[in-house]
Amino acid sequence: MSTHTEPPTPSAVPDTCIIGAGPAGLAVARALAERGLPYTHLERHSAVGGIWDIDNPGTPMYESAHFISSRTLSGFGGFPMPEWYADYPPREDILSYLRSFADAYGLTARIEFEQEVVAVERGADGTWSVTRASGVRTEHRDVVVCSGAQWNPNQPTLPGTFTGEVRHSISYRSAAELSGKRVLIVGAGNSGVDIACDAAANAHSAAISMRRGYWIIPKHLFGKPVDVIGESGPHLPARLESKLFGGLLRLFEGDLRAAGLQKPDHRLLESHPIVNSQLLHHLRHGDLIAKPDIVDSEGSTVRFADGSQADYDLVILATGYEQRVPFAQDFFGDSHHPDLYLSAFSRRHPGLYAVGFIETNSGAYQMFDLQAQLIASYIDERDQDTASARRFSLRIAHDRPDLTGGLRFVASPRHQGYVHAPDFKRYLRKIAKQLGWRSEGRPPRAVEQRGDRPTPAHLEMVS
């Protein structure tokens, strides 16, 4: 029997509470505003930008960070990144883009800043109460959690008795922190390899420890961003694409074991992609040493699974994050991957949604926009009790689509609930089309009236 119950009546409380003003929260705010739906928007920081604001307390952002998806495929629908941006924009440009987006749609003025949420609770009548750190408590018909998935570090214990400094990568900001130190990076996510490259250029010595072999995808192939090449086709089944592109990478990069890396134990695309063009350069020039998993440590010495050992002053754990929602964890369950329909709709708690918790192998902003548009359309039509809204309520309760593209993702907490981006986007657009709902945000009104696209004037750099 389904645990999904009927949503609260529209007359109960007339608005939606959005928690967080990073990219996900901004996408939701625009979608609601486009439909004239009332909302309250709360942000604990003093400005727009989420993790991309390096001054936002607790952000994992670091000075050398760049987007790992290209600007061509990374902008919100109706508001592309400007053509004068680099192929892979640096963090300052992404922050500028987000703030320009918020200003262009009139979202900034509606955000209540420095309003940290400490609790979300559901009333007996199905409405939601949101309590702020100040003690102020407000009631809402719907809540959309957009607080982000990279604020709560997954920090394993280093085996043995290492006496040097151990930090999670969430605290890393600048390559200057590495100068003169013997540095070991643990973990091969995109932030891990970025920090390893910073260490290769700035530390006394640098190494990166990986539990398994990974595919290293360069940011450019044949002079074009790699995701643009993938998007432009030919569009093949994911498993065939994995095989063909994997062969191309082997031809292009050679045997990665020659650079000290392990052979991947999975097909290309079956693990979160490492998109980096500097890692192999540093490995092949001896500025960075690849190591397998850590088995023990004593004093400053770390021992590895291949029997080797080395001394380090600093170990940085780039071991990822838990998708926790501290102020509402009871409603989201698993801290590694909440059970949300399309990674956005609570199956058990009507009126509760989340954007920004999707794990996928592509740029996220277009997917945030798709999720936000579905949420706003559903809220709008649910309040009108339309047939489309009733059909979608049944989907929330019962639909469990396979969005893996036929790929067998590696067995790890991060890949629990992982989706293949092309399949995910196609499925959401298909649903929207079937229900007669929009799947993409519109350009700002002034631009839409002129009949052209946003220009760089909308995207001036933030001073």
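Where is Leu342 found?

1. Leu342 sits in the loop that runs between β21 (340–341) and β22 (345–346). Strands here are DSSP runs of E, at least two residues, and helices are runs of H or I, at least four, numbered from the N terminus. A quick caveat: this is a predicted model, where local features need pLDDT of at least 70, side-chain atom pairs count only at pLDDT 80 or more, and totals for chains, interfaces and linings use all residues. Residues are numbered from 1 along each chain as its sequence is written, and side-chain values use heavy atoms, with hydrogens and water left out.

2. Leu342 counts as buried because its relative accessibility is 6% (buried is under 20% relative accessible area, exposed over 50%, partly exposed in between; 1.4 Å probe, protein chains only). Leaving aside residues up to four places away in sequence, Leu342 touches Gln371, Leu374, Pro401, Leu403, Phe424, Tyr427, Leu428 and Ile431, a contact being heavy atoms within 4.5 Å. Ile396 is 54 residues from Leu342 in sequence, yet their C-alphas are 8.5 Å apart.

3. On cysteines: the whole structure has zero disulfides (a pair of cysteine sulfur atoms within 2.5 Å). For Cys17, the nearest cysteine sulfur belongs to Cys146, 9.7 Å away. Cys17 is buried, at 0% relative accessible area, and Cys197 is buried too, at 4%.

4. Now for helix α5 (residues 238–253), where you'll find Leu244. Leu244 is exposed, since its relative accessible area is 51%.
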